[in-house]
Amino acid sequence: MNRADDLYATAKTVLPGGVCATARYHAALKRPFFISRGDGAYIYDLEGREYVDMCLSHGASLLGHNHPQIKEAIIQALDMGIICAYETPYHTELAQRLSEII
């Protein structure tokens, strides 16, 4: 067994079917395709092998993994206190930008 097989065996003891979502079970591998990290257009498996990410988190990572401007925006949001139920100046700024584009 390799690290991915070991991880899947453990995951099956705590997650239904060993995955957080059924779409993550890879029928050809007979387990999920586990990755350790992403950087740019690439993802890396548990052994560090590099792959071009053709999934892109189903669109959530269109600009790639670990994009510096997105990372900076996330850090800024965390520093602000993750304000979810209130308006911020950024709502208006985003609406203005979208209005200009559209």
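## A loop residue to start with

Let's begin at Thr-22, which sits in the loop between helix 1 (3-14) and strand 1 (25-26). Keep in mind as you look around that this is a predicted model. Is Thr-22 buried or exposed? Its relative accessibility is 72%, so Thr-22 counts as exposed, since the cut-off for that word is over 50%.

## Two aromatic pairs

How many aromatic pairs does a search of the whole structure find? The search turns up two. In one of them, the ring centres of Tyr-8 and Tyr-25 are 6.2 Å apart and the planes meet at 45°, so this pair is tilted. Because Tyr-8 belongs to helix 1 and Tyr-25 to strand 1, the pair ties together parts that are 17 residues apart in sequence. Tyr-8 counts as buried, at 10% relative accessibility, whereas Tyr-25 is partly exposed at 35%.

Phe-33 and Tyr-51 also pair up: their ring centres lie 5.2 Å apart with the planes at 90°, which means the pair is edge-to-face. Phe-33 is in the loop between strand 2 (31-32) and strand 3 (35-39), while Tyr-51 is in strand 5 (residues 50-52), so parts 18 residues apart in sequence are tied together. Phe-33 is partly exposed, with a relative accessible area of 32%, and Tyr-51 counts as partly exposed at 30%.

## A charge over a ring

Finally, take a look at Tyr-44. Arg-37 lies over the face of the Tyr-44 ring, 3.9 Å from the ring centre.

Methods
Residues numbered from 1 in each chain as written. Predicted model: local features only at pLDDT ≥ 70, side-chain atom pairs only at ≥ 80, totals over all residues. Heavy atoms only, no water. Helix = DSSP H or I, 4+ residues; strand = E, 2+ residues; numbered from the N terminus. Buried < 20%, exposed > 50% of the residue type's maximum accessible area, 1.4 Å probe, protein only. Phe/Tyr/Trp six-rings, centres within 6.5 Å; stacked < 30°, edge-to-face > 60°. Lys NZ or Arg CZ within 6 Å of the ring centre and 35° of its normal.
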